Amino acid sequence: MKQSKNVPPTPTMKGFSPGFASLGLEAALLTTLESLGYEEPTPIQREAIPPLLTGRDLLGRAATGTGKTAAFTLPLLQRLAHLAPQTNPSALILVPTRELAIQVTEAVERYGKQQRIAILAVYGGAAIRPQLVALKRGVNVVVATPGRALDHIRRKTLKLQDLQVVVLDEADEMLNMGFAEDLDAILQQTPKERQTALFSATMPPRIASIARRHLQDPVEIQIAKEPVKAGVAPLVHQTGYLVARAHKGLALIRILDMANPKSTLVFCRTRLEVDELTSMLNSRGYRGEGLHGGMNQAQRDRVMQSFRAGQTDLLVATDVAARGLDISHVSHVMNYDVPSSPEAYVHRIGRTGRAGRGGEAISLVEPRERWLLQNIERLTKSKIEMATLPTVADLQAKRLERIGASIQEILAGKNFDQFKTVVNTLTEKFDPADVAAAAIQLASRTKDGDLAEQEIPAIRDRAQENPSPSRRPRREPPGWAQGGKPLGDSARPPRRRDRGGPVTPMATLHFSAGKGMGVRPGDFVGAIANEANLNSSLIGPIKISDDFSLVKVPEDLAQGIIKVLGRTRIKGKKVKVRLYRE
Ligand code: AMP
């Protein structure tokens, strides 16, 4: 591990965009990136792609949201494109969960749409037969969770001898889920001359140890660990809203409806997003215009002129397009995505709070981007307040408040005589207060009716319970003794405290698989986390006896887990799960 690099800050010079082409990527991939609306590489991509293209091993410290998937996928695709056709897989990407396996598979498909390569996602819980059939037919890239990968390796259905590239994605999570031994077992069976890339959000000693054993002279990459020099203007108030991807559009509208901002910059990652958001905002009655690198100078000038003149309330832009823009009156900056680096965040929100004025910086945060935001908070040494999205009732109250204020203004202007005839006619028949209330009801009707009026489901912020990425709950393969009291010591359900968070009542699950079947704690953590989509940190102690095992899980989730695991296999065998009462 000789080389060590800190990724430099995103360039901020006007018009300076190093671009993907300068990284050594081939035309076919560049075309794909262009069609996806990517304007420039993220810092991790800028640093990781060139050495990976030359075949170097790589140790990258990067969390989700930094663009790491493209950072390892693009070089992998370029390498595979030059190989002679073969039936055994050329690349193996190991990921901790089924969810991530699906996500990475989709990303590889997206980035490799010109390459015509066969990709297969292999994860536990899913039926094994279609995976066997696909593997037999031949695939180029396998994206797998370690347990299921090992299962296939033992069945000799996943052959590793022709692997050129192995990627370990979210390696710390894989270790937390108890996959350390599985990873070792898999890597030992891969060819020595393979290229290996390991990505991890944190670098505990256990990751360094894996890297020492399985990576050869890797380039080390880390996205800025130093505090960000530019800092955040003290007058900018920063807020984050945790929201599921599916509700982001609705959340953006809700926040805008509440804030009623006059001049707002909305940032997103790609050209496609700029176009989509702009049309969505316009269809909801906002005056918005898009700005991205694909527009010519005349188009950009027109958009900027209209924004400066106040004819446009919202400017929806990519980072590249907004670079070098001199706009002085932005009251709100909205990050539709958490930007891929702290520097990009500082650059974005530096657009508001200028000239001694206050400003608002608002970020929509998908749960998977939550750690990225915490990193930004730490490196910019500023506070990002996590808030709950306004409800429909909040919005209605706000609308009425605004109508009330407008009515007061009109009353003060005394310029409403022409409406008095209607009022006189109505008050002959109705109570004047009722007439006024009906008029307010009429005024409060929105153009799009109930469309924007859905409640947006709240998401629990686990990061508030585990305040920093370095303090993410660790998931060692837990021996029963590690988890506190043994079963049976207490008449009431045991409880688990998540580092300062609320105490969670726990229930115990009984699995009909024990040492005799060769199960290990990681098998249970993997199955529960994958199948029941449960964060592995919520799983309590595990006790493995000769022919059964006991696993503690949050009491309120126990029934759901039993239901889902009823269809699951562990170590290739159907396993019965039931509630265990002491
Ligand atoms: P990842 O960290 O790999 O999960 O990527 C986070 C998100 O950023 C994904 O939605 C990608 O599609 C997107 N993304 C990755 N690289 C870029 C880029 N260079 N420009 C714009 N969006 C990107």
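How much space lies in the second largest pocket? About 720 Å³. The views below come from a predicted model, in which local features need pLDDT of at least 70 and side-chain atom pairs pLDDT 80 or more, while totals for chains, interfaces and linings use all residues. Residues are numbered from 1 along each chain as its sequence is written, and side-chain values use heavy atoms, without hydrogens and water.

**View 1. The shell around the ligand.**

**View 2. Polar atoms at the ligand.** A polar side-chain atom of Thr69 is 2.6 Å from a ligand oxygen atom. A side-chain N or O atom of Arg368 lies 3.3 Å from an oxygen atom of the ligand.

**View 3. The second largest pocket.** A pocket is an open set of points on a 1 Å grid over the protein atoms alone, where a 1.4 Å probe fits, with protein on both sides within 12 Å along at least five of seven lines; lining residues have an atom within 4 Å of a point. Its volume is the space filled by probe spheres set on the points, which are joined across faces, edges and corners. Among the 19 lining residues, Ile407, Phe419, Val423, Ala436 and Ala439 lie nearest the centre. The largest share of the lining, eight residues, comes from α18, a helix (a DSSP run of H or I, at least four residues, numbered from the N terminus).

Terms used:
Polar contact = N/O pair within 3.5 Å; in protein donor to acceptor, adjacent residues only side chain to side chain. Helix = DSSP H or I, 4+ residues; strand = E, 2+ residues; numbered from the N terminus.
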